[in-house]
Amino acid sequence: MTEPQLVVGGTVAALATADALAAAGRPVRLLLPRRGIGGGFLPLERDGRRLELGMRVLELHYEGTGTPPPLGEYRADDEGHRPFVALVDGWVRDLVGADAVVPVDPPASWLGGRLGPEVLLSSDLSRAAGLVAPDDARRIAGQAADAAREHGDAGWLAAGESGRLAEAGFDEASLHQHGARFHELFLAPFTGKIRPGGGADVLASLRRKLWVPLFWPRTVAEAFSGQPVGFVPERPLTVVRPGGMGPVLRALLDRLRARQVTVETYDRLTAVAPGGPGVRLGFADGREETAARPVLGLSAAELFAAAGVEYAPDRLHSVLAWVGVREDDLAELPGFVHVLDPGVPAYRVTPGERGDDGVRVVCVELAHDVPQEQAAATAVAVLETTGLLREGAGGTDLGVFSGPTFTDPTAANVARHAAALAAWQDLGVDAAVVGGAGSFGADSFNEQVLQGLSTAERLA
């Protein structure tokens with residue numbers, strides 16, 4: 001009888017690996033942590049309400065992508081998920097049913113005291129000029145045209161220029177690509193709410209970790225001068241009914257059970273090292289076992305700590321507040337709102353589910369320096385300021401999170417990760433690593449699904 005393949009961890013990458021191996025007919029034993037399954041993609045459950053951890057949308061299509069290359073060509077540290085996005089699309093629809101995958105309600109930006117088209121996640125500037133005053137639009141167009149003349153239509157986004165983005169900070173790259181006024185209005189206020197240093201020391205190549213784009217100088221000049229925009233991206237955002245990532249993770253866990261994956265739990269992985277003919281694993285409850293080439297789908301911090309490898313990256317401090325508001329007191333809600341005005345102490349608002357009592361959950365991602373004890377009241381004030389909530393309507397405090405979240409996408413942290421990964425590799429542990437441990441920043445939903453699928457293909 002074939003020995004079950006051991007998969008350890010609760011990340012999306014670990015779950016996708018176990019699922020794909022089971023689909024290929026391989027017996028699988030999955031060890032899940034008692035807490036933290038889903039790696040932040042599974043919502044909190046409080047008093048019968050689901051609280052999504054901020055905005056959770058699926059990116060299942062990009063312009064210019066068609067039939068994906070063979071899965072064996074996927075490399076997280078190369079082009080990443082984008083050439084393979086159709087694979088992720090098919091995987092999600094097979095998991096939850098095609099009818100459950102629906103477009104996000106049109107998102108919006110709040111800038112200049114009014115709602116307008118969303119520009120950051122969509123990378124669509126075709127209507128962005130309407131967000132600013134005519135004088136600002138002219139300044140933006142002129143500065144971007146100057147950048148295009150000096151640096152070329154694409155700037156550092158031109159073919160062969162990717163090395164510049166791997167070395168430059170985001171603010172430097174943005175000023176190079178867009179000019180000062182566009183950066184000051186659209187990007188600097190947003191990144192400044194996410195982290196104290198804004199985008200100054202965030203690597204431009206990791207800009208999507210902060211949900212911010214870079215544009216061609218020519219595109220910015222066209223968009224703000226009233227010319228036809230030559231590039232309008234096709235990047236529809238979708239969710240799975242009833243919204244967020246919860247339905248995807250719950251469907252995946254259900255399918256693992258249906259495929260007769262043996263599921264056990266553990267408290268914490270405390271040791272991982274070569275052990276005879278396999279890999280020795282130790283757990284917080286004192287249990288030990290040896291497995292032949294296990295799949296380790298843990299976060300980088302968990303894996304390196306269990307291996308005795310030093311890794312202490314800087315993490316961003318996030319403040320999230322969930323407010324329950326009566327549906328009758330709400331305006332028509334966009335899919336989500338990016339709050340670009342510097343004077344409003346939040347960077348994003350995302351509506352959640354509506355309960356049978358007519359109360360809607362709204363998640364407000366607040367500026368990093370909002371005190372925890374003021375978070376709920378500040379979230380209500382943000383909803384009123386942006387016109388999403390009727391003034392004076394108030395709301396119910398459903399919960400607040402204030403603390404460290406994801407790893408800061410800086411050059412210093414990339415170097416720390418590279419040193420830890422090299423030390424891990426020197427240990428000679430014969431295990432397959434999936435998730436963000438093997439490649440810095442490769443922990444998005446799409447990347448984790450593809451890591452799971454490609455690892456399972458190799459092992460099966």
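**Salt bridges, helices and strands in a predicted model**

Visitor: In which helix is Asp 136 found?

Guide: This is a predicted model, in which local features need pLDDT of at least 70 and side-chain atom pairs count only at pLDDT 80 or more, while totals for chains, interfaces and linings use all residues. Residues are numbered from 1 along each chain as its sequence is written, and side-chain values use heavy atoms, with hydrogens and water left out. Helices (H or I, at least four residues) and strands (E, at least two) are DSSP runs numbered from the N terminus. On that basis, Asp 136 belongs to helix H3.

Visitor: Is Asp 136 buried or exposed?

Guide: Buried means under 20% relative accessible area, exposed over 50%, and partly exposed in between (1.4 Å probe, protein chains only). Contact means heavy atoms within 4.5 Å, and Asp 136 touches Arg 181 and Leu 185, not counting residues up to four places away in sequence. Because its relative accessibility is 15%, Asp 136 counts as buried.

Visitor: With which residue does Asp 135 form a salt bridge?

Guide: A salt bridge is a side-chain nitrogen of Lys or Arg within 4 Å of a carboxyl oxygen of Asp or Glu. With the closest N and O atoms 2.2 Å apart, the partner is Arg 138.

Visitor: How many salt bridges does the count come to?

Guide: Some of them are linked in a network, which joins Arg 29, Glu 264, Asp 285, Arg 287 and Glu 289. By the 4 Å rule, the count comes to 32.

Visitor: How many residues apart in sequence are the parts tied together by Arg 255 and Asp 19?

Guide: The side chains of Arg 255 and Asp 19 meet in a salt bridge, 2.7 Å from N to O. Arg 255 lies in helix H8 (residues 246-258) and Asp 19 in helix H1 (residues 12-23), so the pair ties together parts whose separation in residues is 236.

Visitor: Which residue meets Arg 250 in a salt bridge?

Guide: Arg 250 is in helix H8, and its partner is in strand E3 (residues 44-46), 205 residues apart from it. Arg 250 has 28% relative accessibility, so it counts as partly exposed. At 3.6 Å from N to O, the partner of Arg 250 is Glu 45.

Visitor: Why do the buried residues of H11 line one face of the helix?

Guide: Helix H11 (residues 411-426) has 16 residues and reaches 23 Å from its first C-alpha to its last, close to the 22 Å expected, the expected span being 1.5 Å times one less than the number of residues. Its buried residues are Asn 413, His 417, Ala 420, Leu 421 and Trp 424. Seen down the axis of H11, with the arc taken from the directions from the helix axis to the C-beta atoms, they line one face because they fall within an arc of 100 degrees.

Visitor: Which residue with a positive phi follows H11?

Guide: The buried residues of H11 are covered by elements including strand E11 (269-275), helix H9 (300-306) and strand E19 (396-407). After H11 comes a residue with phi near 70 degrees, Gly 428.

Visitor: In E9, what is the bridge partner of Glu 59?

Guide: Two strands pair if DSSP finds at least two bridges between them, and three strands form an open antiparallel sheet in the order E5-E9-E6. The edge strands, E5 (58-59) and E6 (101-103), each pair on one side only. E5 and strand E9 (residues 237-240) pair over two bridges. The partner of Glu 59 in E9 is Leu 237.

Visitor: In E16, what is the bridge partner of Ser 109?

Guide: In strand E7 (residues 108-111), Ala 108 and Trp 110 point one way and Ser 109 and Leu 111 the other way, and all are buried. E7 pairs with strand E8 (residues 114-117) in the antiparallel sense over four bridges, and Gly 112 in their hairpin takes a positive phi near 65 degrees. E7 also runs parallel to strand E16 (residues 337-339), joined by three bridges. There, the partner of Ser 109 is His 338.
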